[in-house]
Amino acid sequence: MKELLNKYGIKQLGYHVKDLEESAENFSSLLGAGPFVDLGVSEPAVLKYRGQDSGMRSRCALGHLNDVQIELIQVTTDEPDVYKDNGYGLHHVCIWADDVDKVVEEFTAAGVEVAMEMVSGQGLKVVYFDAREQLGCFIECNAPIEQLWQGVKALHQNAGADTPALIPMAALMGGK
């Protein structure tokens, strides 16, 4: 697994949280992370948890702490999902790869099983590997989303003392 994580690099730390607003405030006041961009509730086109269809929905927000992207995930349904598998706190490290299917082959060959597969409403394929035995958390893999990553980072770098800890996606896009 070391070779695979070093090959792809870690782009994000994902936290399963009970309350998105409260967590954004805490990450901001305690660590200086954020502001967090509220991406709203996800509506995946496809979601399979351990091979079975799941109707899990979550609300996510992205922020930065210097060069590290932080994702806050609040599950909004009672459906089975990988977030409930690990409780609250650090849930995953995220890697990016142009060929997610190749990463699935590499990790499964290394003995790390797929726990959840999803295709977002926008067509982004996301896979979670269960690396809790090895790392204490999951590994998420998706194709690069560089423009969003850079936009959230720029927001962090340009935030003032009066910038709210949690802001709507429209603020990142130049709206209010």
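These legends go with a few close-up views of one predicted model. Residues are numbered from 1 along each chain as its sequence is written, and side-chain values use heavy atoms, with hydrogens and water left out. Since we're looking at a predicted model, local features need pLDDT of at least 70 and side-chain atom pairs count only at pLDDT 80 or more, while totals for chains, interfaces and linings use all residues.

**View 1. Strand E6 and its partners, E1 and E5**. Helices (H or I, at least four residues) and strands (E, at least two) are DSSP runs, numbered from the N terminus. Strand E6 covers residues 68-75, and seven of its eight residues are buried, so the rest of the structure largely encloses it. Buried means under 20% relative accessible area, exposed means over 50%, and partly exposed is in between (1.4 Å probe, protein chains only). Two strands pair if DSSP finds at least two bridges between them. E1 (residues 12-16) pairs with E6 in the parallel sense over five bridges, and here you'll find His 16 opposite Ile 73. E5 (residues 58-65) runs antiparallel to E6, with eight bridges; Leu 62 has Glu 71 as its bridge partner. E5 and E6 make a hairpin with two residues between them, and Asn 66 in the turn has a positive phi of about 55 degrees.

**View 2. Tyr 83 and Tyr 128, one ring pair**. The structure holds four aromatic pairs. Rings of Phe, Tyr and Trp (its six-membered ring) pair if their centres lie within 6.5 Å; planes under 30 degrees apart count as stacked, over 60 as edge-to-face, and the rest as tilted. Here the centres are 5.8 Å apart and the planes sit at 80 degrees, so Tyr 83 and Tyr 128 are edge-to-face. Tyr 83 is in helix H3 (residues 82-86) and Tyr 128 in strand E9 (residues 125-131), so the pair ties together parts 45 residues apart in sequence. Tyr 83 is buried at 3% relative accessible area, and Tyr 128 is buried too, at 2%.

**View 3. Phe 107 and Phe 129, a stacked pair**. With ring centres 4.7 Å apart and planes at 25 degrees, this pair counts as stacked. Phe 107 comes from helix H4 (residues 100-109) and Phe 129 from strand E9, 22 residues apart. Both are buried.

**View 4. Lys 11 and two Trp rings**. A charge sits over a ring if NZ of Lys or CZ of Arg is within 6 Å of the ring centre and within 35 degrees of the ring normal. The charged end of Lys 11 is 4.6 Å from the ring centre of Trp 96. Lys 11 also lies over the face of Trp 149, at 4.4 Å from the ring centre.
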